[in-house]
Amino acid sequence: MQKNLLNFLLIYSMEDRRFFSIFLGNFQTKQLKKYILITFMIIVTLLCISWILYPKELNYSIMTHTISYLGDYEKNPNGWIFFSIAFIFMSIFFIPLILYIQKRIFKISQVGSWIGTSFLFVGAVCGFTTALLPDVYGTNFIKDLSLGKIHNIVALFAIFGFILGLFEYGILFFIDYWPIFHRNREGVYAYLSVFPVFLPFTLIGIGTLITQIIRVRLGGEWPGPGILSFPLWEWMLSLTFFITIYGLALRLSQKIPKNINPDSEQLSNFQ
């Protein structure tokens with residue numbers, strides 16, 4: 001009896017350590033692929049349920065409604081909870097992937113990798129917070145400050161956190177890939193082009209900036225006509241976060257390179 005209990009505790013302890021190790025970004029290749037597939041399906045399924053339960057008479061559309069509309073418990077009383085759970089899961093599920101990528105970009109630049117990772121953590125934490133602060137304008141609790149206004153502020157921090165973090169990662173890969181930035185040595189990932197991974201993020205990011213500048217110059221009416229629709233670009237930009245983070249995790253080798261390129265050497269070569 002005691003032997004069986006000891007074996008059970010040992011097995012349970014091993015599984016617990018294995019789970020904790022994965023949460024710290026220590027994936028095997030098969031684990032990583034399963035993790036990405038399962039987490040993506042969970043998040044998409046929850047968002048789809050929230051969308052389906054959104055009252056049909058309110059005519060939800062990505063051309064006129066932002067993602068946050070799905071989390072409005074007044075407009076979407078049956079589906080808002082699925083939106084909130086989706087964003088909570090997304091924020092938590094992204095952390096191991098960010099750490100997995102960071103462990104590999106660390107070999108390019110220690111300082112740069114932590115800067116990018118810090119921004120991505122801000123994005124994940126703020127994404128988690130948006131799930132706890134629904135986009136509801138009718139709930140005023142600090143004088144004229146509404147829950148919806150706070151939600152929008154936190155959502156902007158989440159968006160810019162992901163944008164700046166991924167932009168920093170992109171710069172590091174750009175410096176590492178092109179020999180002109182490190183003439184005296186081989187880049188850590190000189191064999192690997194991540195251009196296809198960052199292309200959607202770059203194009204959608206630039207497209208969002210240009211279309212919204214045009215929309216404001218034309219009068220700034222919400223949500224914007226046709227291709228100038230802010231909700232449309234918000235949906236596409238959010239999708240590129242998944243594409244870039246998932247794509248980088250899958251494209252980078254599971255084995256971490258042994259050689260480390262000092263930041264000081266990179267700077268001296270750049271100059």
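Ser-91 sits in helix α3, which covers residues 80-105, and in this predicted model the residue counts as buried because its relative accessibility is 3%, where buried means under 20%.

**Helix α6**
- Helix α6 comprises the 23 residues 195-217, and its end C-alpha atoms are 32 Å apart, which agrees with the 33 Å that the helix should span at 1.5 Å a residue.
- The buried residues of α6 are Val-197, Phe-198, Phe-201, Ile-204, Gly-207, Thr-208, Thr-211, Gln-212 and Arg-215, and what covers them includes α5 (147-177) and α7 (230-251).
- An α-helix has 3.6 residues a turn, so residues three or four places apart point the same way.
- Just after α6, Gly-219 takes a positive phi of about 130°.

**Cysteines**
- A search of the whole structure finds zero disulfides.
- Cys-48 is partly exposed, because its relative accessible area of 38% falls between the limits of 20% and 50%, whereas Cys-126, with a relative accessible area of 14%, is buried.

**Aromatic rings**
- The structure holds 20 aromatic pairs, among them the edge-to-face pair of Phe-27 and Tyr-100, with 5.8 Å centre to centre and 70° between the planes.
- This pair links distant parts of the chain, since Phe-27 is in the loop between α1 (2-23) and α2 (29-53) and Tyr-100 is in helix α3, 73 residues apart; both Phe-27 and Tyr-100 are buried.
- The rings of Trp-51 and Tyr-60 also form an edge-to-face pair, because their planes stand at 70°, over the limit of 60 degrees, with the centres 5.1 Å apart.
- Within that pair, Trp-51 counts as partly exposed at 36% relative accessibility, whereas Tyr-60 counts as buried at 11%.
- One aromatic cluster is formed by Phe-40, Phe-94, Phe-162, Phe-201, Phe-241, Phe-242 and Tyr-246; Phe-201 is also listed among the buried residues of α6.
- Arg-104 lies over the face of Tyr-100, at 3.7 Å from the ring centre, and Tyr-100 is the residue that pairs edge-to-face with Phe-27.

**Loop backbone geometry**
- Trp-222 and Pro-223 are joined by a cis peptide bond, with omega about 0°, and Pro-223 is found in the loop between α6 and α7.
- Asn-59, in the loop between α2 and α3, has a phi near 50°, a positive value in a residue other than glycine.
- Asn-59 counts as exposed because its relative accessible area is 56%, over the limit of 50%.

Note on methods: Residues numbered from 1 in each chain as written. Predicted model: local features only at pLDDT ≥ 70, side-chain atom pairs only at ≥ 80, totals over all residues. Heavy atoms only, no water. Helix = DSSP H or I, 4+ residues; strand = E, 2+ residues; numbered from the N terminus. Buried < 20%, exposed > 50% of the residue type's maximum accessible area, 1.4 Å probe, protein only. Expected span 1.5 Å × (residues − 1). Contact = heavy atoms within 4.5 Å. Disulfide = S-S within 2.5 Å. Phe/Tyr/Trp six-rings, centres within 6.5 Å; stacked < 30°, edge-to-face > 60°. Lys NZ or Arg CZ within 6 Å of the ring centre and 35° of its normal.
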